[in-house]
Amino acid sequence: IATMMTFVNAVNADFVSRDDDVYVTHNPYVQKLTTGNLATIFSRSYYSSWNPITLFSHAIDVALWGLDPKGHHLTNVLLHSLNAVFFFAVSLVVQGVAREDRERGQSLLSHVTPSVFVGSLVAAILYAMHPLRVESVAWVSGRRDLLCVFFLLPAFGSYLLWNLRHRKFLLIATHVFFALALLTTPMAATFPIILVLVDIWWMKKHSEKANLFDRLVEGKVLLLLLSVAAVGVRLFVM
C-alpha cells in the first residue's frame, strides 16, 4: 500500500518518445493478442533484443487497456508493489537462514522476532522507495526491470531454502524463475554469480570443509548454461 501510494501519480503520465513508441504504441506484435503475434514474440528478436516475456506483458496491457497510458503505468505500479512484498519475504528468509540452528532443526518462522520483522520491513521500504526505482516504475518501457526482479526474487528465496532444506522442488523452482527472468531481460544473467557469493557466505558461516569447487557448482550448472545461452542470444541479435 505504501509503495502504491508513493508511485500512484505515475498513472497520470503519458507515453514518452524514448522506446515507448518502439515497444508499445508502434509495435505491431503487441497491438493484438493473437497466436500469430505470440509466436513471433517468442520466436524472433525485436529491436535488436529478445525479451519475449516483456513484450508479452505489453501485449496483455494493450488487450486490457488499449493505448491508454494509464493502464500501462498502473501495471508497472502494481508490479513494483508486488516486488516490494517479495523483497520483504526474501529478507525474512535471509535472516531466518542466518539465524537458523540446523542441529535443532528449528523452523524459519521461529526466528521471525520483532527485530527481524521490523528489519525486513525497513529494508523492503528502502528498496521500494529508493529514487533508483523511479525510472523503472514511471517509464512504461522500464517494465523489463520490474519483471526481472519479479522473477529473480522468488528464484533467490527458493535457492536459499534449497540450501537449507535440500528439497528438489526448491531447486527446480529456482531454475524456472531464473529462466523466466532471462526471458524478460538478459541482465539477469549475472544471477549465478550472486548464488556463488551466497555459497561462500554459507560455507564460512557453518565452517564447512566441503570441496570448494563441488560446493560452488552444486545446483548451478544448468543456471550457468542458461546465462551463457541468454548472453549468446543477446550478442547474436544485436
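Student: How many cavities of 30 Å³ or more are there?

Tutor: This is a predicted model, in which local features need pLDDT of at least 70, side-chain atom pairs count only at pLDDT 80 or more, and totals for chains, interfaces and linings use all residues. Residues are numbered from 1 along each chain as its sequence is written, and side-chain values use heavy atoms, with hydrogens and water left out. A cavity is a set of points, on a 1 Å grid over the protein atoms alone, where a 1.4 Å probe fits but cannot get out. With a volume taken as the space filled by probe spheres set on the points, the count is one.

Student: Which helix gives the most to the lining of the largest cavity?

Tutor: The largest cavity holds about 50 Å³ of space. Its lining residues (an atom within 4 Å of a point) are Tyr23, Asn51, Thr54, Leu55, His58, Ser141 and Arg144. Helices here are DSSP runs (H or I, at least four residues), numbered from the N terminus. With three residues, the main contributor is helix H4, residues 52-65.

Student: Are H4 and H8 roughly parallel or roughly perpendicular?

Tutor: Axes are lines fitted to C-alpha atoms over the stretch in contact, with angles from 0 to 180 degrees between N-to-C directions. The axes of H4 and H8 (residues 143-165) come within 10 Å and cross at roughly 110°. Since 65 to 115 degrees counts as roughly perpendicular, H4 is therefore, relative to H8, roughly perpendicular.

Student: Which residues of H8 meet H4?

Tutor: Contact means heavy atoms within 4.5 Å. On the H4 side the residues are Ile53, Thr54, Ser57, His58 and Asp61. Their partners in H8 are Arg143, Arg144, Leu147 and Phe151.

Student: Are H8 and H9 roughly parallel or roughly antiparallel?

Tutor: The axes of H8 and H9 (residues 168-182) come within 8 Å and cross at roughly 160°. Angles over 145 degrees count as roughly antiparallel. The two helices, H8 and H9, are therefore roughly antiparallel.

Student: How many residues of the contact of H8 with H9 are nonpolar?

Tutor: Ala, Val, Leu, Ile, Met, Phe, Trp, Tyr, Cys and Pro count as nonpolar, Asp, Glu, Lys and Arg as charged, and the others, Gly among them, as polar. The H8 side includes Phe151, Leu152 and Trp162, and the H9 side includes Leu170, Phe177 and Phe178. Besides two polar and one charged, the nonpolar residues number 15.

Student: Are H9 and H12 roughly parallel or roughly antiparallel?

Tutor: The axes of H9 and H12 (residues 221-237) come within 10 Å and cross at roughly 10°. Angles under 35 degrees count as roughly parallel. H9 and H12 are therefore roughly parallel.

Conventions
1 Å grid on protein atoms, 1.4 Å probe; cavity = no way out; pocket = protein on both sides within 12 Å on 5 of 7 lines; lining within 4 Å.
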